[in-house]
Amino acid sequence: MAGRFAPRPTRTTVRGGHVAVPGGVPRQESAGGRRRTWVPEGPLDLGLVLGPLRRGPGDPTFRTTPDGSVWRASRTPAGPGTLRVAARGGAVEAAAWGPGADWLLEQLPALLGALDDPSVFEPRHRLVAAARHRRPGLRLTRTGLVLESLIPSILEQKVTTDEAYRAWRLLVRKFGEPAPGPVDGRMHVMPAPRSWALIPSWEWHRAGVDNKRASTILRAVRVAPRLEEAVALDPVRAQARLELVSGIGPWTSAEVVQRSHGAADSVTVGDLHLPGIVGYSLAGDRDADDAVMLALLEPYAGQRHRAARFILLGGRTPPRRVPKMPRWDIGRL
């Protein structure tokens with residue numbers, strides 16, 4: 001997010017969910033990975049599409065490389081897998097490694113927004129129209145995986161993103177497993193549900209995760225198969241299923257289905273900064289709450305999350321009035 005006031009970023013605020021993808025010609029790996037070439041219909045910006053899946057610059061499950069590639073390590077229904085994608089001309093070249101390689105390549109079009117239809121979106125504000133004109137390659141990703149978005153979203157509840165990103169980084173590196181493929185030990189697959197359940201209480205504490213968030217994750221992983229089944233439901237019903245787990249509310253469930261389902265209308269409510277940014281951008285109201293934000297987004301019914309992405313990409317944010325939220329490290333207590 002570009003602007004004078006940079007609140008502690010969440011995935012809903014960091015440049016509208018964009019990561020910088022270096023230019024260049026993808027290098028050809030020789031490590032025996034499975035390959036697929038896919039040609040998207042229309043423009044595609046890998047940084048915008050896959051950016052919301054990155055949990056901070058040190059995310060051990062996500063990285064970009066100078067050759068223009070984006071790498072992801074995922075725990076798929078078929079097992080761990082590593083996916084590398086890179087845009088070359090008008091096509092996307094992908095390679096995958098590990099037991100989950102075939103699943104990742106099969107899901108590639110959905111991951112890159114093939115199931116999303118940006119043509120139905122009609123801007124109602126000048127700022128939104130300008131952002132869409134500048135970023136025609138924005139599509140909404142659909143990972144088809146619930147837990148990999150749910151756990152980091154729970155970690156981000158009620159804390160700064162620095163704290164949440166640190167916790168995700170430490171826990172994945174310590175309790176996950178090295179990602180398959182030519183990643184030189186620099187990437188890890190997030191732990192399996194049972195591994196999350198076996199993390200000792202003192203390790204949560206060392207990672208800066210309080211008991212409330214840790215307990216929510218433990219409740220979620222106990223019913224992981226039922227939560228993963230939510231990918232077959234529509235976003236509204238999927239959110240309802242997620243919210244049956246104590247500690248998961250509308251903020252967390254929306255953050256998940258935006259990624260697992262590519263939910264174009266699941267706008268994030270309960271966010272510390274988003275209502276003020278939307279209110280300030282569309283109506284000059286920096287003190288807007290969720291009700292005001294939803295009223296302003298009503299013209300985009302059915303596409304409210306996409307509208308919020310474009311608003312964030314517009315970079316119009318209210319000037320700072322208070323100090324940044326302090327960072328606490330309970331691991332030092």
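A residue is called buried here when its relative accessible area is under 20%, exposed when that area is over 50%, and partly exposed in between, using a 1.4 Å probe and protein chains only. This is a predicted model, in which local features need pLDDT of at least 70 and side-chain atom pairs count only at pLDDT 80 or more, while totals for chains, interfaces and linings use all residues. Residues are numbered from 1 along each chain as its sequence is written, and side-chain values use heavy atoms, with hydrogens and water left out.

**Whole chain**

Select everything. Of the 333 residues in the chain, 55% are buried. The chain has 15 helices and seven strands; these are DSSP runs numbered from the N terminus, with helices being H or I of at least four residues and strands being E of at least two. A contact means heavy atoms within 4.5 Å. Among contacts in the chain with a separation of 6 or more, 70% are between residues 24 or more positions apart.

Two strands count as paired if DSSP finds at least two bridges between them. What is the order of the strands in this open sheet? The order is 1-5-4-3-2, with antiparallel pairing. Strand 1 (34–38) and strand 2 (62–64) are the edges; each has a single partner strand, so one side of each lacks a neighbour in the sheet. From one strand to the next the twist averages 20°.

Eight of its ten residues are buried, so the rest of the structure largely encloses strand 4. Its pairing with strand 3 (residues 69–76) is antiparallel and runs over eight bridges. Find Thr76 and look across: its bridge partner in strand 4 is Gly79. The hairpin joining strand 3 to strand 4 passes through two residues.

Turn to the pairing with strand 5 (residues 91–97), where seven bridges join it to strand 4 and the two run antiparallel. Leu83 is opposite Ala96 in strand 5. Strand 4 and strand 5 also form a hairpin, with two residues between them, and Gly89 in that turn has a positive phi of about 70°.

**Strand 2 and Phe62**

Move to strand 2, which is joined to strand 3 by three bridges and runs antiparallel to it. Arg63 stands opposite Trp71 in strand 3.

Select Phe62, which lies in strand 2. Is Phe62 buried or exposed? With a relative accessible area of 3%, Phe62 is buried. Show the residues around it: apart from neighbours within four places in sequence, Phe62 contacts Val19, Leu50, Leu53, Arg54, Val70, Trp71, Arg72 and Met187. Arg186 is 124 residues away from Phe62 along the chain, and their C-alpha atoms are separated by 9.8 Å.

**Helix 5 and its two partners**

Axes are lines fitted to C-alpha atoms, for helices over the stretch in contact, and angles run from 0 to 180 degrees between N-to-C directions.

Select helix 5 (residues 147–155) with helix 12 (residues 250–260). Their axes come within 9 Å and cross at roughly 145°. On the helix 5 side the contact is made by Ser149, Leu150, Ser153 and Ile154, and on the helix 12 side by Trp251, Thr252, Glu255, Val256 and Arg259.

The axes of helix 5 and helix 9 come within 9 Å and cross at roughly 165°. The two helices are therefore roughly antiparallel, a term for angles over 145 degrees, with under 35 counted as roughly parallel, 65 to 115 as roughly perpendicular and the rest as oblique. Here helix 5 contributes Leu147, Leu150, Ile151, Ile154 and Leu155, and helix 9 contributes Arg213, Thr216, Ile217, Ala220 and Val221.

**Helix 13**

The last stop is helix 13, residues 274–283. Nine of its ten residues are buried, so helix 13 is largely enclosed by the rest of the structure. Those buried residues are Leu274, Pro275, Gly276, Ile277, Val278, Gly279, Tyr280, Ser281 and Leu282. Step past the end of helix 13 to Gly284, whose phi is positive, near 70°.
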